[in-house]
Amino acid sequence: MSKHILILAGDGIGPEIVTAAEQVLTRVNEKFNLGLTWEQGLLGGAAIDAHGSPYPDVTSEQAKKADALLLGAVGGPKWDTIERSIRPERGLLKLRSELNLFANLRPAILYPQLADASSLKPEIVLGLDILIVRELTGGIYFGQPRGIRELENGEKQGFNTDVYAESEIKRIAKVAFEMAKLRGGKVCSVDKANVLEVTELWKQTVTQLHAEQYPEINLSHMYVDNAAMQLVRAPKQFDVLVTGNLFGDILSDEAAMLTGSIGMLPSASLDENGKGMYEPCHGSAPDIAGQNIANPLATILSVAMMLRYTFREEAAAKAIEDAVGNVLDQGLRTADIMSEGMNKVGTQEMGQAVVAALG
Ligand code: IPM
Ligand code: MG
């Protein structure tokens, strides 16, 4: 198998956090003799500036060739007012869609060292280990028709379409059930079936697949409003949560905050064959870009997910995760997870500390 990675640093804090993650990648590559190679590419605002498109053909070619992609983050105020169809976020969506990266895995794990950084009481979050499985290439993000049109009375009207075919629901539910087998054996499917037909079909399809192929998994269903509430009331009731694109976007940010900082959370977006794009759950944070204060750990942990899910290098993945635990044990904290008595460090120092902890 070839082992080639495309690195897309992107915008805002992207380049800083990706530089730190690349140092970690270099170290594990040597230490575990992984034989990985990589190259850099442009996505988002950086690509707009260079090529006039957020996902130019050259990036698309690189992305198709690569076995895995590591992304920093895209977007920023500089590109917020350009024509909608070529904004940075559209580049990311096109990439997800073109590579068929339909399965978005967003773990929310609380490092015990950070229990105080959560906005919830430690007893509510200690031991938290949730996996959100978000459908990433369908639903209202991609449904047609969409747009902003003018009504007869001259008023403008915005519209989008939420749409899921049975096959799309089945393949993401399958991922959730398979993940649950490797974890706590529980899946909660999140919908709004009391109002939206598209999620009524979602619920039926998940229920049917469960009965046919995964009877041993403990399946429950929850409306999205209740799920949002339960996530802050009693988050430890969840093991795997599976949901559509929009609900997953929202609930994964909420779940991230339970762990103290969205700066800690990695993610994987996988196709049917294990090819994947790995990125932190947080955005490009333009307000703190270039200041060496962003937390690189989510990106570093995304490298660990890449080694686990695409390259099947469990030992190397685990070594990165242990190294992150080790630097937290040492009391090192970036500003977003800082608490009293800890040692505040910048992006670069945090990255170097993880490299050092890898040995
Ligand atoms: C995410 C982000 C993206 C999304 C944006 C940047 C398009 O919020 O990955 O969660 O909505 O999917
Ligand atoms: Mg989001």
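**Loops, ligand and helices**

User: Where is R312 found?
Analyst: R312 sits in the loop between α10 and α11, and α11 covers 314-329. Keep in mind that this is a predicted model.

User: Is R312 buried or exposed, and why?
Analyst: R312 is exposed, because its relative accessible area is 64%. The cut-off for exposed is over 50%.

User: What about N292, what is its phi near?
Analyst: The phi of N292 is near 60°. That is a positive value, and N292 is a residue other than glycine.

User: Which loop holds N292?
Analyst: The one between β12 (276-280) and α10 (297-309).

User: And why does N292 count as partly exposed?
Analyst: Because its relative accessible area is 24%. Partly exposed lies between the buried limit of 20% and the exposed limit of 50%.

User: New topic, the ligand. Which residues are around ligand 1?
Analyst: E89, R96, R106, R134, Y141 and D249.

User: Which atom of ligand 1 does the side chain of R96 approach, and at what distance?
Analyst: An oxygen atom of ligand 1. An N or O atom in the R96 side chain is 2.7 Å from that oxygen.

User: What about R106 and R134?
Analyst: R106 has a polar side-chain atom 2.8 Å from an oxygen atom of ligand 1. For R134, a polar side-chain atom lies 2.9 Å from an oxygen atom of the ligand.

User: How much of ligand 1 does the protein cover?
Analyst: 76% of its accessible area. On its own, ligand 1 has 320 Å².

User: Which pocket does ligand 1 take up?
Analyst: The second largest pocket.

User: Back to R106. How far is L241 from R106 in space?
Analyst: 9.7 Å, C-alpha to C-alpha. In sequence, L241 and R106 are 135 residues apart.

User: Where does L241 lie, and why is it called buried?
Analyst: L241 is in strand β10, residues 240-243. It is buried because its relative accessible area is 2%.

User: Now helices. How many residues does α6 have?
Analyst: α6 has 16 residues, 166-181. From first C-alpha to last, α6 reaches 22 Å. That is close to the 22 Å expected at 1.5 Å a residue.

User: Which residues in α6 are buried?
Analyst: E168, I169, R171, I172, A173, V175, A176, F177, M179 and A180. The list of buried α6 residues includes E168 and R171 as well as I169 and F177.

User: And T59, which helix is that in?
Analyst: α3, residues 57-65. T59 counts as buried because its relative accessibility is 1%.

User: What does the side chain of T59 lie 2.6 Å from?
Analyst: The backbone oxygen of L42. The atom on the T59 side is a polar atom of its side chain.

User: What comes between β3 and α4?
Analyst: A loop, and I86 is found in it. β3 spans 68-73 and α4 spans 88-98. I86 is partly exposed, at 30% relative accessible area. The C-alpha of I86 is 8.6 Å from that of Y55, which is 31 residues away along the chain.

User: Prolines now. What kind of peptide bond joins Q144 and P145?
Analyst: A cis peptide bond, with omega about 0°. P145 lies in the loop between β5 (129-135) and β6 (147-150).

User: Last one, A335. Where is it found?
Analyst: A335 is in the loop between β13 (332-333) and β14 (343-344). With 36% relative accessible area, A335 is partly exposed.

User: How far apart are A335 and A294?
Analyst: 7.5 Å in space, C-alpha to C-alpha. The two are 41 residues apart in sequence.

Note on methods
Residues are numbered from 1 along each chain as its sequence is written. Chains are lettered from A and ligands numbered from 1 in the order in which they are written. This is a predicted model: local features need pLDDT of at least 70, side-chain atom pairs count only at pLDDT 80 or more; totals for chains, interfaces and linings use all residues. Side-chain values use heavy atoms; hydrogens and water are left out. Helices (H or I, at least four residues) and strands (E, at least two) are DSSP runs, numbered from the N terminus. The expected span of a helix is 1.5 Å times one less than its number of residues. Buried means under 20% relative accessible area, exposed over 50%, partly exposed in between (1.4 Å probe, protein chains only). A residue is near a molecule or strand if one of its heavy atoms lies within 4 Å of it. A polar contact is a pair of N or O atoms within 3.5 Å; within protein, one must be able to donate a hydrogen and the other to accept it, and residues adjacent in sequence count only if both atoms are side-chain atoms. Accessible areas come from the Shrake-Rupley method with a 1.4 Å probe; for residues, only the protein chains shown count as cover. On a 1 Å grid over the protein atoms alone, a cavity is a set of points where a 1.4 Å probe fits but cannot get out, and a pocket is an open set with protein on both sides within 12 Å along at least five of seven lines; lining residues have an atom within 4 Å of a point. A molecule sits in a cavity or pocket if more than half of its atoms lie within 2 Å of its grid points.
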